Amino acid sequence: MFRGTALAALLCLATGSLSATAPEAESPSAEEAALASDRYERMTVPVTIGDSGSYRFLIDTGAQATVVTHRIVDKLGLTRRGQARLVAMGSSQMVDLVEVDELRFADRLITGLMSPLLHAGHIGADGILGLDSLQDLRVLIDFRRERMLVADADILGGNSGYEIIVRARRKLGQMVITDAEVDGIRVAVVIDSGAQNSIGNRALLRKLKTRDTGLLTSIDVHGAEVLSDLSYVRELEIGGMTMGNVPIGFTDSPIFQALGLDRRPALILGIGNMRVFDRVAIDFRTRQVLFDVPGQVDASRARAMFTTGGPKLR
C-alpha cells in the first residue's frame, strides 16, 4: 500500500505525488526541521501579489492555471469572479475563481489572472504557478542542489551542460513529448514538475504485459482519494535515452480525458523518475525539454546507455 498527496489539476491542471507509507516517526529535531524547511524553500519560489508578500508558490508545469489559496484571499480580500470546473487527478468539481490583478515573480509581472481558489492543505503551499504564468520562461529542476528555479533560459545558463535535448509540442499549454516509448509502445509523455511519481492511463496499461505489484493511494486538490495500480515497466525511452525498471501508477484519471489523451497510451512523468538526472529543464519558449546526465558522459553514450536500474550508467 502506498499513500501520498496529489497536487494540482486541469482548468485544467494535472499533477500528483505518490510515496511509500512510512512507519510513524518521532517528532523531528530542530536540525531536521530546519533541513526540511530549507528543502521546501528551495522547491518553491517567492511570489508577491500586489504590494503583499512574499508567498511561497510551487512551480507546476502540469498545472494549466495559477492557483491561490484561502489564506491569501482572506488576507488580501481578493474578489471572487464566478466559478469554473477544475479537473483534478481523481475528481472534477466546480471551484471559485479569484481575480489576481498583479502577481510578481522572477522579475516578471503577470496581470489579469483568474485563478482557481483551493485549500492550502491540499497543495502544501500558498499557491501554485501554472502554465498561464510560465509561458516563455524556463523551469529548471536542479536535483544536485535540491532546488527549482524559473527565469529566462539565458539567465539559467542556456543549453550548456545538457547532453539530451528533446522537442515537445503544446497541448492545452502542456509540454507533451511524442518521441517516447514504454516497453516498445509509443506513448505521449506529459512533463509534470508538480508530480512526484508517474501516472499512466488505462490505454497504456492494456498494451503492456505487466502485473500489478501494489496499490497507490493519493489525495487530489479537491481532497478526493485517487487509487492507482502500481506496476514496473522494463524500459521508458525518451528521445533515444532509456530508463529501466520504472514504477508507474495506472488509473482512469479524468486528466487524460481533459487533455484528449484517454484513448491513446499516455504517461504523466513526475520528478521522482527524473531524479536519475542531475538537472532537467523545461523551456516553454523553445518547446524543449533538456536533460543533464550525471558524470562525464557524452551525448551519444548517454542516449545509448542511460538506465535507472540503480541508477547507473552502463
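In the predicted structure, 14 salt bridges are found. One of them joins the side chains of aspartate 126 and arginine 71, with a distance of 2.4 Å from N to O. This pair connects distant parts of the chain, since aspartate 126 lies in the loop between helix H3 (120-123) and strand E9 (127-129), whereas arginine 71 belongs to helix H2 (residues 70-76), 55 residues apart. Aspartate 126 is buried, its relative accessible area being 11%, while arginine 71, at 48%, is partly exposed.

A further salt bridge is formed between arginine 275 and glutamate 146, whose closest N and O atoms are 2.8 Å apart. Here too distant parts of the chain are linked, with arginine 275 in the loop between helix H7 (271-274) and strand E23 (279-283) and glutamate 146 in the loop between strand E10 (138-142) and strand E11 (147-151), 129 residues apart. Arginine 275 is partly exposed, with a relative accessible area of 27%, and glutamate 146 is likewise partly exposed, with a value of 23%.

Arginine 147 pairs with aspartate 142 in a salt bridge in which the closest N and O atoms are 3.9 Å apart. Arginine 147 is partly exposed at 24% relative accessibility, whereas aspartate 142 is buried at 4%. Both residues belong to a network of salt bridges that also includes Arg144, Asp278, Arg279 and Asp292.

Serine 231 is located in strand E20 (residues 225-238) and is buried, with a relative accessible area of 0%. Beyond its neighbours within four places in sequence, serine 231 contacts Thr210, Arg211, Asp212, Thr213, Val246, Pro247, Ile248 and Phe250.

How values were computed. Residues are numbered from 1 along each chain as its sequence is written. This is a predicted model: local features need pLDDT of at least 70, side-chain atom pairs count only at pLDDT 80 or more; totals for chains, interfaces and linings use all residues. Side-chain values use heavy atoms; hydrogens and water are left out. Helices (H or I, at least four residues) and strands (E, at least two) are DSSP runs, numbered from the N terminus. Buried means under 20% relative accessible area, exposed over 50%, partly exposed in between (1.4 Å probe, protein chains only). Contact means heavy atoms within 4.5 Å. A salt bridge is a side-chain nitrogen of Lys or Arg within 4 Å of a carboxyl oxygen of Asp or Glu.
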